[in-house]
Amino acid sequence: MFDFGISGYRPAWLSGSSAVAAAHGPRLAMLEGRRLTRALLVWDLDEDVWFPDGLVLLDFEGEQVEIVHQKFDEGSITWNTVDPARPLDWAGEGFRLAWREGVPGELARLQGQRLQAVELLTWTGKDMARGMAAVAFFFPQGRVTIYNALDENGMEFSDPDQRYARQRLRMKRS
């Protein structure tokens, strides 16, 4: 299994919003009310750009969600398994990669804000991505959606496209 340049990392691939909701919905919902304390992306040091094939790490006051996508509809969400202090080695391919905080600016501006809501989005467009799941994080002054950009991560900072069906994740009340 490919480790995405992170020694010991094991992605847990899922396809579709119902699978993501069953596996991670309650835990994602429990992030509501926590501050985004850190956001890290894999950065290509030679090109000085985001390396969208690598993981996206979002830390909510010590609860780190790790998101990565592959193929056309698969995504992996893991929790607290990646140590960004450890170096990245992309299968000996010669990429010089490192974790980077503070990029892009839209993501950096969300840091310090409390998470207001999490939504699972399902792409309903009439194309090969139909059924693809994405996760949207809503803050008082912005949002980020992390989605499958056809075999790599994509990020949007505006309202989700109208072709997404939206499902708000809520904590179960006893």
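User: What percentage of the 174 residues of the chain count as buried?
Analyst: This is a predicted model. Buried here means under 20% relative accessible area. Of the 174 residues, the share that passes this test is 47%.

User: How many helices and how many strands does the chain have?
Analyst: From the N terminus on, the elements run β-α-β-β-β-β-β-β-α-β-β-β-β-β. Counted by type, that gives two helices and twelve strands.

User: What is the radius of gyration of the chain, and what does the globule rule give for 174 residues?
Analyst: The C-alpha atoms fill a box of roughly 45 × 35 × 30 Å along the principal axes. The chain is as compact as a globular protein of that length, because its radius of gyration is close to the value from the globule rule. The two values are 15 Å for the chain and 16 Å for the rule.

User: What share of the contacts with a separation of 6 or more comes from residues 24 or more positions apart?
Analyst: Contact means heavy atoms within 4.5 Å. Among contacts in the chain with a separation of 6 or more, residues 24 or more positions apart account for 63%.

User: Is strand E10 largely enclosed or largely open, and how many of its residues are buried?
Analyst: Strand E10 covers residues 142-148. It is largely enclosed by the rest of the structure, because most of its seven residues are buried. The count of buried residues is five.

User: Which residue stands opposite Gly 142 in E10?
Analyst: E9 and E10 pair in the antiparallel sense over five bridges. They form a hairpin with two residues between them. Opposite Gly 142 stands Phe 139.

User: Which residue in the turn between E10 and E11 has a positive phi?
Analyst: E10 and strand E11 (residues 153-156) run antiparallel and are joined by four bridges. In this pairing, Tyr 147 stands opposite Gly 154 in E11. The hairpin leaves four residues between the strands. The one with a positive phi, about 60 degrees, is Leu 150.

User: Where is the cis peptide bond that has an omega of about -20 degrees?
Analyst: Most peptide bonds are trans. This one involves Pro 104, in the loop between strand E7 (97-101) and helix H2 (105-108). The cis bond joins Val 103 and Pro 104.

User: Is Glu 61 buried, partly exposed or exposed?
Analyst: Glu 61 sits in the loop between strand E4 (56-60) and strand E5 (63-70). Its phi is positive, about 50 degrees, although it is not a glycine. Its relative accessibility is 35%, so Glu 61 counts as partly exposed.

Methods. Residues are numbered from 1 along each chain as its sequence is written. This is a predicted model: local features need pLDDT of at least 70, side-chain atom pairs count only at pLDDT 80 or more; totals for chains, interfaces and linings use all residues. Side-chain values use heavy atoms; hydrogens and water are left out. Buried means under 20% relative accessible area, exposed over 50%, partly exposed in between (1.4 Å probe, protein chains only). Two strands pair if DSSP finds at least two bridges between them. The radius of gyration is taken over C-alpha atoms; the globule rule is 2.2 Å times the number of residues to the power 0.38.
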